[in-house]
Amino acid sequence: MTLVAASVGDGAAGGCRHLAIIMDGNGRWAKAKRLPRIAGHREGVEAVRRVVEAAPGLGLEMLTLYAFSSENWKRPADEVSDLMGLLHHYVKNEIDTLHKNGVRLDFIGDWQALKPDLVRLLAAARDRTSANTGLRLIMALNYGGQGEIVRAARALATDAAANLIAPDDITAEMLEARLDTAGLPPPDAVLRTSGELRLSNFLLWQTAYAEFLVTETLWPDFDGPALATALDEFSRRERRFGGR
């Protein structure tokens, strides 16, 4: 796996505790093998399983996966339906294993706007694992970073209009407390597979001082050893958070 480093910024690199992943390349994987796109998405689910299994042993405490963006609704209806079906299948079939392994599952984004039966499944999985103390797995569903910031800004505006806060007193910390990720640490690093060099509206606020890691590996081919390679690259970074 060839990694392209794009460092954004404390002292010693240390280990990565929170990794966010833009899981890219399912369609290209399928096309290269002359298979339908759904085959790439199915293999992508297998890659999720491998990475979630490997993550705790590599020192990760939190893993945030960009599973379905607010822009993905623009895809053909049959592909969106396939993606929703795969999400339902993954959660339904993996929840026992996730719970047994102490994984705490949660979601960010407007996931409660998905179909009611899927929302019930997701909520039940989140509630079942809420007391677990192992890996925290966050799935970004119907998520977009710009929309998230707009929702937070609206919440602050509503409070200001109700004279609960003064506009001049608004701070970055106040906005952050109204994001989907309120109470969660920001990612130490963002990893994107398939070689693309963009955030794609993912965690725009939270990645201000994240390290960026890009691999040419397509997501369906990603696995534990590939994850270890990426985390090893991170460990060699010197993070300064804007300082020298």
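This is a predicted model: local features need pLDDT of at least 70, side-chain atom pairs count only at pLDDT 80 or more; totals for chains, interfaces and linings use all residues.

Residues are numbered from 1 along each chain as its sequence is written, and side-chain values use heavy atoms, with hydrogens and water left out.

**Helix pair**
- Helix α2 (residues 37–54) and helix α3 (residues 77–100), both DSSP runs of H or I with at least four residues, pack at about 25 degrees with their axes 10 Å apart.
- α2 is therefore roughly parallel to α3, a term for angles under 35 degrees.
- Residues in contact (heavy atoms within 4.5 Å) include Arg37, Ile38 and His41 of α2, and Glu79, Asp82 and Leu83 of α3.

**Largest pocket**
- The largest pocket has a volume of about 680 Å³, a pocket being an open set of points on a 1 Å grid with protein on both sides within 12 Å along at least five of seven lines.
- Of its 30 lining residues (those with an atom within 4 Å of a point), Met23, Asn26, Tyr66, Ala67 and Asn72 lie nearest the centre.

**Largest cavity**
- The largest cavity holds about 50 Å³ of space, a cavity being a set of grid points where a 1.4 Å probe fits but cannot get out.
- Among the residues lining the largest cavity are His18, Thr64, Ile108, Pro185, Pro186 and Pro187.

Definitions and conventions
Grid points are joined across faces, edges and corners, and a volume is the space filled by probe spheres set on the points. Axes are lines fitted to C-alpha atoms, for helices over the stretch in contact, and angles run from 0 to 180 degrees between N-to-C directions. Helices (H or I, at least four residues) and strands (E, at least two) are DSSP runs, numbered from the N terminus. Angles under 35 degrees count as roughly parallel, over 145 as roughly antiparallel, 65 to 115 as roughly perpendicular and the rest as oblique.
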